[in-house]
Amino acid sequence: MRAAAVSDALLEIENYSGAFRNEDGGLVPVLHQVSYRLKTGKITAVVGETGSGKSLTALSVLGIQPPTFVRSSGRILFRSVDLLTLDARGLRAIRGSEISMVFQDARAALNPVFTVGRQLADVHRLHHGGSQRAAMKRAVEALSRVSIPEPERRARQYPHEYSGGMAQRAMIAMAALICQPSLLILDEPTTGLDVTIQSDIMELIVELTRSRGLTTCLITHDLGVVAETCDEVVVMNAGRVVETGSAEAIFTRPADPYTQRLLSASQMLEAA
Amino acid sequence: MSRLGYMMLRRLLWVLPVAFGVVTLTFFMARVFNGDPTELYAPPEATDALRAQIRARLGLADPLPVQYVHYLGNLVHFDFGVSFNTGQSVAADLSDRLPATLELGFVGLALGIAIGIPAGVLAAVNRERWPDFALRGFTLSGMALPQFWIGLVLIWIFFVSLHWLPGPVGRLPIGVALPPKVTGFLLIDSLLAGRPDLWGLALRQLALPAITLGISTAAPIARVTRAAMVEAMQSDYIRTAVAMGHGPRAIWFRYSLRNALLPVVTLIGGIAGHIFAGAVLLESIFAWPGLGQYALQAIERSDFAALQGFVIYASLLYVLAFLAVDLVYMLVDPRIRA
Amino acid sequence: MSSDEVMAPPSLPTSQAQVHARPRRRRWRTTWSLRIGLAALVFYVAVALLSLVWTPYDPLVPGIGDGYDAPSLAFPLGTDRLGSDMLSRLMMGARYDLGIALTAVAIALTIGSALGVVAGYFGGAFDTIAMRAVEIFQAFPGLLFAMLVVQAVGAGIVNVILVLSFVGIPDYLRLARAEIQAKRNWQYAEAARLAGNPRWRVAFRHLLPNSVGPLLAFTSINAAFAALVTASLGFLGLGLSPNTPEWGNMIARGQDGVMTGQWWVSFFPGLAILGLTGSLYLLGDALADLADPRRRR
C-alpha cells in the first residue's frame, strides 16, 4: 500500500510538526503531525479556518515559511526528495521551475515599482533564458492566455493599475505559464475578490490544470469553491489534518465531526 | 503628465508664501535682535552728524515699516541690496561664493551616497550579524559626532601627522592663482584652462572637507537605507520573487533596493538642502570661501542685507530640494506617476 | 529545545534567511540599547553633579600646567594652551552640554506637544496657521537661526536654552499633531467623549498619554541634536563666554593645537560629545522600538 501511495503522489507531507518561537524564546506548537499527499494531475483542496496551519504547511514546501517557525519533525517528499533537507541552491532549483505558488493578495504580491510585463519577463529569463525581447513576448502571450484584455498595453502597466482580479490572473500567468511547474500551489487565490471574479479565477485554475497536466494544491477556507472544482480534499483544524478523501466522499459522507460542522456551516450538506 | 505638471506648479507656487514668510521673519528678526550696526562701521570719534550720515547710508534712517516695504520692493526686482561688509551687491557676493559651496557639497554628498547606500544594503542583508553591528557603530558615531570635530581629527591625521593631504587653507594652496572663471567649479575650470596640475591641487584641497562631509552624510543615509531594505525584504512581493526562484542577488539589488530607495531619496533631498546652503562650521574649519562662511560673517557683523539675502537663498534652496525629491519620486515610484 | 535547533530547517537561501531574524536577538538588542543609553546618561549626570563638589583641579584657573602638557599621570587628559586641566574642564563641561540640551528639550517638548495636541485635535484655523508657520520656519536653516539669535541677544546659558527650545518646537508640534490626528477618531476617544469628558480633557488626558512613547523617543534624538547645536554654537564662540568649559568651546580653543600636534585639547571634548549624543541616540532607538512593537520585528 505504501509503495502504491508513492507512485501516484507528486508531493507527500509526512508527520510535519513545528512551533512558532515567540519573543521570549518559548515555543508555541502550531503544526501537529501534518500528513497529506498531492496526487499527480489532480486538484487537491486543503480546507480549514484561518490559523489552521494550512498556509504555513504550504509555505514550508517552498521554504518560505515565516522566520519564527521552527520545525520539530517531518518530511516533505517531492519526487521522493525531502525538500526540508535541501540547501539554498537545491531549493532554488525547485522554486518556480518545479513548484510554483500563487498568493492571496496579488496586488501586494507583485513588485510595485516594475511593470507587470517586466516581472513576468524576468521570471521567464530566469527559468528559460533568452533575450529580454523574447521574454517580454512570452510575458504578453501568457497574459493573453489568462484572458487579460489588451495584453500588450497591460504588460506595460504597473500592479497598482490592475484590479485585484486582473492582478491575480497575472500572478497565475507568472506561476503557471511562465514558470511551467509540475506543482502549482495556490494560497487563498480568490479571497478578497468579488464573487463573480472568484468563479472566473477558479475556472481559469481548473482549465489550466487540466490542459497543462498540472498537479494543483488549492488552499482555501471557502468550501463553496472546493465542491465544484476539486478532486481531493484535505481538512485541517488547529494544526492537524482531521480528514482526507475524495471530494465526493468528503461532501457526501463526512466522517469527522469538524468536517461535518464546517459543511453545515457553509450549508453544503443540504446542497450535496 | 498634466497631473505631474499641476503638482509641480503647485509646489513651485508654494515657494512664494514660504519665501515671503522667511523674508519677513528674517527682516524683523535681524533688526529686532541685532540692533543697530552703526557702531561697527563708525569710527569711535565720529560726531553725531557723521553717525547719522552712516545710518542713512546703511539705509537705517527710515522707520522700520518703511525699510521693510522698501526692501520688499527691491526684492521683486531681485535686488537683495548691498552688503555693508563687502560693499558689493549681495547678489554678486552670493553668486561669487556659490560655486565653492556647490563643489564641496556635490563631492561630499556623492561620497556620502556612495558609502551610505551600499553600507545600508550590506547591513540589511546581513541583518543581526557582524556587518550590521559594525554599521550600527558607524552610523551612531557619524550622527553623534559634531562635523567640525570629525574635520579637525581628519586634519590632525592626514595633514599634521601623515602629511598626506594639504592643510585647511581653502580651495587652493596659498599663493596659487585661480584659473579663469567659467563655471566656478575649480575641478572643471582647471581642466578647461588646460591645467591638470591645478586640478590635482584643487582636488587635494577638496579631499578632507569632502570626506568629512561624506562621513557625516553617509551615516544617516546608511541608517535609512538599512531600515527601508529590511522592510522591503519582508514584503509580499519579495516573498513572491523568492517563490519564483530568484537568487539572492536579484532579490536584494533588483527587487528590494529599488523599493527601498524611496525614503532614501527623501532623506538625501533634505541633506542636500542643508549642504548647499553652506555647511557653516565645516567651511569655517577648512577656510572654505563658500556661503556658510559668508553667512557667519554677516551674522558677526550685523550685515542685514547679506544675511537676508543668504537666508532667502537658503530657504528657496530647501524648498527646491524637496521639489527635486518629488520629481525623483515620480521617476522611481510608478504609483505617484499615474 | 536543543533537538529543535538541530531539526531546524536548513538555512534559507534568500534575503528571507537574513530577514529571518531571531526574535531573541532583536529583543536583546533593544534592551541593551536601552541599558547602555541609560547607563551612559546616568554617568554623565553623575559627572556633572560630581563636578559641582570635586574636580581634580580648578577647571577655570589657567597656568596649572605649563600649557599644552601632554596626557600624563598628573594630567590624565593633558592641559590646554593656557595650562588648564582638561579633565577638570571636561567634567565641568558636562553641566553645560547636558544641562542646556535637556532643559531646552524639556521646554520644546512641553510647548510643542501642547500646541500639536490642540492643532491636531481641534483642527480649524489654529491648525492651518500653525502648520503654515511650521513650514515656513522649517525652511529656515535651524543652526543659522540659533546663531543669529544668540549673536543678537548675547551669549549666555539662558539665551542658548531658549533659542534651542524654540528651534525644537516645530518638530514636536508636527509629531504630536500627527499622533493625535491618527487617534482622534478611535472608538476609544469616542467613548471618552460620550462619557461626558470635555474635549480638552479627551485630548490631553486620554489621547496624549497614548502618544508618549513616540514623543519620548523623539525627545531623546532631539536632545542629541540640541547637544550638537550647543557644541556648534560654542565652537563658533557664539554661545557662552570664551572661558566657559563647554565642550564645543573647548574644541575651538584646541583648534590651533591640532595644527601643531597637540591633538588632545580638541580630541577629548569630541569624545565627550560622542558619548553623550551617542547614548541619547541609542536611548531614542530603544524607546522607538518599545513604542512601536511592529518596528521590533
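These legends accompany close-up views of a predicted model.

**View 1. The largest nonpolar core.** This core has 266 residues. Those with the most contacts inside it are A:A170, A:M171, A:A173 and B:F310. Both domain 1 (2-110 + 162-271) and domain 2 (111-161) of chain A supply at least three residues each.

**View 2. Surroundings of A:A173.** A:A173 is among the residues with the most contacts inside the largest nonpolar core. Neighbours within four places in sequence are left aside here. A:A173 is then in contact with A:L120, A:A142, A:L143, A:R145, A:V146 and A:I178.

**View 3. Where chain B touches chain C.** On chain B, 45 residues are in contact with 44 residues of chain C. The chain B side has 35 nonpolar residues, seven polar and three charged.

**View 4. An open sheet in chain A.** Four strands run in the order 2-1-4-5, with antiparallel pairing. Strand 2 (27-39) and strand 5 (81-82) are the edge strands, each pairing on one side only. Two bridges join strand 4 (residues 69-78) to strand 5 in the antiparallel sense. A:F78 stands opposite A:V81 of strand 5.

**View 5. Two positive phi angles in chain A.** Most residues other than glycine have a negative phi. A:Q33, not a glycine, has a positive phi of about 50 degrees. A:Q33 lies in strand 2. A:Q33 counts as partly exposed because it has 13 C-beta neighbours inside 10 Å. A:E150 also has a positive phi of about 50 degrees and is not a glycine. A:E150 sits in the loop between helix 6 (132-145) and helix 7 (151-155). With 11 other C-beta atoms within 10 Å, A:E150 is exposed.

Methods:
Residues numbered from 1 in each chain as written. Chains lettered and ligands numbered in written order. Predicted model: local features only at pLDDT ≥ 70, side-chain atom pairs only at ≥ 80, totals over all residues. Core = buried A, V, L, I, M, F, W, Y, C linked by C-beta atoms within 7 Å. Buried ≥ 20, exposed ≤ 12 C-beta atoms within 10 Å, placed from the backbone. Domains from an automatic or database assignment. Contact = placed C-beta atoms within 7 Å. Nonpolar A, V, L, I, M, F, W, Y, C, P; charged D, E, K, R; others polar. Pairing = 2+ DSSP bridges.
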